[in-house]
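Dear colleague,

Please find the structure below, together with its sequence. My notes on it follow.

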Amino acid sequence: MSRQRPQVLGPVVDDQTRCIHYRTPLDVIAIKFVCCGDFYPCHLCHGVAADHAAEQWPVGRRAERAVLCGVCGCQLRISTYLGLGSCPECAAEFNPGCKLHLELYFQI
């Protein structure tokens with residue numbers, strides 16, 4: 001199944017959304033930032049490339065599809081991403097370390 005992938009902005013280093021800041025085999029997601037609607041691999045990439053401060057997704061908008069699996073292109077709902085450690089479509093594992101800074105992307 002072919003998917004239209006959204007553009008991922010910032011210093012992306014490969015087609016699975018790894019960036020210059022986070023590029024381990026498990027760093028395969030990009031997050032749509034609520035402030036601009038653009039996908040970035042990480043908060044540092046947003047800080048480098050965007051012309052505005054980052055905002056966090058409100059708790060009441062967890063049903064939004066705002067997390068992109070860089071492996072298969074699936075766009076996950078925030079609530080789904082927060083409850084899983086891997087992509088529900090392709091089983092690509094996500095970096096568990098990302099859970100340590102969820103407050104940078106989502107209101108907790």
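β1 and β2 form a hairpin with 6 residues between them, and Gly37 in the turn has a positive phi of about 80 degrees. Strands here are DSSP runs (E, at least two residues), as helices are (H or I, at least four), numbered from the N terminus.

This is a predicted model, in which local features need pLDDT of at least 70 and side-chain atom pairs count only at pLDDT 80 or more, while totals for chains, interfaces and linings use all residues. Residues are numbered from 1 along each chain as its sequence is written, and side-chain values use heavy atoms, with hydrogens and water left out.

Ile31 stands opposite Tyr40 in β2 and opposite Val67 in β3.

The largest nonpolar core has 24 residues, and Cys69, Leu76, Tyr81, Phe94 and Phe106 have the most contacts inside it. Such a core is a set of buried Ala, Val, Leu, Ile, Met, Phe, Trp, Tyr and Cys residues joined through side-chain atoms within 4.5 Å; buried means under 20% relative accessible area with a 1.4 Å probe, protein chains only. β1 (29–32), β3 (65–69) and α2 (78–83) each supply at least two residues of this core, and β3 gives the most, with 3 residues.

Overall, the chain comes to 2 helices and 4 strands, in the order β-β-α-β-β-α from the N terminus.

Kind regards

Conventions:
Buried < 20%, exposed > 50% of the residue type's maximum accessible area, 1.4 Å probe, protein only. Pairing = 2+ DSSP bridges.
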